[in-house]
Amino acid sequence: RFALRKLRLKKQNIKSVYKNTIKEIKKSDICFVIGGDTYFKNYGMVDTLYSLNSVARQHGKRNVLWCCSIEKNEINDEMKKDLLGFDLIVARESITLNNLKDKGISKNVVMYPDPAFTMELEKVPMPKGWVNGNTIIINTSPLITKFATSSNLIIESIQNLIDYIIESTKYSVALLPHVDCDVVTNTTIFNKYNSNKRVINIPF
């Protein structure tokens, strides 16, 4: 539940989300944990994952960790026990595959690229202001604002970087979201540059 608190949900909403997730686990045949970097301890999600995985296993559900990236130094005894409990772990790159093997986790592990990188190419028109070969892309996330003394510090630091690029170079800047929640941070940053044609806020 710590991860849900990190999202600043109200106490009653935390209980509701947690209870609803357990209800869905009980109704399911297979429980997928979307990997990514959710097993990075600083995100504050691992305790929640341990708890939900335990519920799934207690109810005899297949438990799959899908397309994950895990740092070797993150794998302590508690995490190793949880990872060994999966029916299948899909590592999305060789570094994670080797990290898991080095920690004695191999029987339930395979490697397969993240589906995002197996999608068919779809060419789309570039947004107005985009200059081929002369555009710097910046990706931000609301997650990073949680690890600073102030969320404004992150926003202002990125804006200072953009100011430097605009004032000292001929490059354009594109704010590119990686996932949908990145749009919030990008928009906050972009509000300062609404009238600057060299700064682009790319929609999700």
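Colleague: How much space lies in the largest pocket, and what makes a space a pocket?
Modeller: The largest pocket holds about 1,300 Å³, a volume being the space filled by probe spheres set on grid points joined across faces, edges and corners. A pocket is an open set of points on a 1 Å grid over the protein atoms alone, with protein on both sides within 12 Å along at least five of seven lines; a cavity is a set where a 1.4 Å probe fits but cannot get out. The model is predicted, so local features need pLDDT of at least 70 and side-chain atom pairs 80 or more, while totals for chains, interfaces and linings use all residues. Residues are numbered from 1 along each chain as its sequence is written, and side-chain values use heavy atoms, without hydrogens or water.

Colleague: Which residues line the largest pocket closest to its centre?
Modeller: Ile34, Gly35, Asp37, Thr38 and Met45 are the closest, out of 44 lining residues; a lining residue has an atom within 4 Å of a point. At least two residues each come from α1 (2-6), α2 (11-27), β1 (30-36), α3 (46-58), β2 (62-68) and α6 (142-145). β1 gives the largest share, 6 residues.

Colleague: How many residues of that lining are nonpolar, polar and charged?
Modeller: There are 25 nonpolar, 12 polar and 7 charged residues. Ala, Val, Leu, Ile, Met, Phe, Trp, Tyr, Cys and Pro count as nonpolar, Asp, Glu, Lys and Arg as charged, and the others, Gly among them, as polar.

Colleague: What lines the second largest pocket?
Modeller: The second largest pocket has about 620 Å³ of space. It is lined by 17 residues, with Leu121, Glu122, Val124, Leu176 and Ile202 closest to the centre. The lining divides into 14 nonpolar, no polar and 3 charged residues.

Colleague: In what order do the strands of the 3-strand sheet stand?
Modeller: The order is β5-β6-β7, again an open sheet with parallel pairing. β5 (135-138) and β7 (199-201) are the edge strands, each pairing on one side only. β6 (residues 172-175) and β7 share 3 bridges, and Ala174 stands opposite Ile200 in β7. Helix α8 (residues 182-190) packs on this sheet, touching β6 and β7, at about 150° to β7.

Colleague: Why is Gln159 called buried?
Modeller: Its relative accessible area is 12%, and buried means under 20%, exposed over 50% and partly exposed in between, with a 1.4 Å probe and protein chains only. Gln159 lies in helix α7 (residues 151-168). Leaving out residues up to four places away in sequence, Gln159 touches Thr188, Ile189, Lys192 and Tyr193, contact being heavy atoms within 4.5 Å. Buried residues make up 35% of the 204 in the chain.

Colleague: How many helices and strands does the chain have?
Modeller: It has 8 helices and 7 strands, which are DSSP runs numbered from the N terminus: H or I over at least four residues for helices, E over at least two for strands.

Key. Two strands pair if DSSP finds at least two bridges between them. Axes are lines fitted to C-alpha atoms, for helices over the stretch in contact, and angles run from 0 to 180 degrees between N-to-C directions.
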